[in-house]
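Welcome! Please take a look at the sequence and structure below, and then we can walk through a few places together.

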Amino acid sequence: MAGEAKKPGERRLQILQTLAAMLQDPQPEKITTAALAARVGVSEAALYRHFSSKAQMYEGLIEFIEQTLFGLIARITTDTSSPIAQVEAIIGMLLNFSAKNPGMTRVLIGEALVHENERLQKRINQLHDRIEAQLRQCLRLGGGKQSELSAPLANLLQCMVVGRWHQFAKSGFTRAPGGDIELMLARLLDVQPA
């Protein structure tokens with residue numbers, strides 16, 4: 001019902017969901033706190049009761065991304081016995097997350113963070129490094145050529161994921177990030193496609 005008071009965390013979540021939705025616009029414009037407040041249906045002052053700055057709002061989105069991605073990676077590495085199958089599942093999950101969360105893709109590639117606090121881009125860079133480290137670890141455990149080349153192969157796989165994220169965002173979310181991924185992974189990992 002309109003006019004009902006929101007529980008303490010609900011308004012904060014609504015602000016983050018609205019920010020993520022605004023980032024999904026295929027023709028993005030710089031998101032201002034005034035535009036965000038109008039979309040949420042509150043005053044700018046109300047935004048600042050929940051977040052001390054716009055940078056803190058973006059940090060909230062980054063925290064959501066980190067918790068989601070690394071929670072899913074942990075589940076994949078626990079539930080999947082083959083290290084190479086883990087790599088394939090992680091890559092698929094990263095691309096699928098992007099497809100389901102276009103606004104978050106703009107955060108993942110740093111596009112949404114342009115002209116924002118530089119610590120946000122550093123945090124995204126750290127997230128990319130953590131993903132690459134996880135891929136490297138899986139490849140190392142895989143044995144064979146993948147183990148010997150775990151560092152450059154993990155970097156190549158991470159570059160492929162980020163490239164797919166970029167293509168997805170730059171196409172206005174029309175070019176699916178996961179197209180032909182099984183064939184590419186089969187070639188890169190030297191395994192038979194499923």
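T18 is found in helix 1, residues 8-23; helices here are DSSP runs of H or I with at least four residues, numbered from the N terminus, while strands are E runs of at least two. This residue is buried, with a relative accessible area of 12%. Buried means under 20% relative accessible area, exposed means over 50%, and partly exposed is in between, using a 1.4 Å probe and protein chains only.

Not counting residues up to four places away in sequence, T18 touches L36, R39 and V40, where contact means heavy atoms within 4.5 Å. Before going on, please keep in mind that this is a predicted model, in which local features need pLDDT of at least 70 and side-chain atom pairs count only at pLDDT 80 or more, whereas totals for chains, interfaces and linings use all residues. Residues are numbered from 1 along each chain as its sequence is written, and side-chain values use heavy atoms, with hydrogens and water left out.

## The nonpolar core

L36 leads us to the largest nonpolar core, which has 58 residues. Such a core is a set of buried Ala, Val, Leu, Ile, Met, Phe, Trp, Tyr and Cys residues joined through side-chain atoms within 4.5 Å. The members that touch the most others are L36, Y58, L61, L69, I91, L157 and W165. Helix 4 (residues 54-79) gives the largest share of this core, 10 residues.

Leaving aside neighbours within four places in sequence, L36 is in contact with I15, T18, L19, M22, I31, L47 and M57.

## Helix 5 and what covers it

Helix 5 runs through residues 83-100 and has 18 residues. From its first C-alpha to its last it reaches 25 Å, close to the 26 Å expected at 1.5 Å a residue; the expected span is 1.5 Å times one less than the number of residues.

Among the buried residues of helix 5 are P83, Q86, I91, F97 and S98. What covers its buried residues includes helix 4, helix 6, helix 7, helix 8 (144-148), helix 9 and helix 10.

## Two loop residues with positive phi

H115 is found in the loop between helix 6 (102-108) and helix 7 (118-142). Its phi is near 70°, a positive value in a residue other than glycine, and H115 counts as exposed at 70% relative accessibility.

D180 sits in the loop between helix 9 (150-170) and helix 10 (181-189). Here phi is near 55°, again positive in a residue other than glycine, and D180 is exposed, at 58% relative accessibility.
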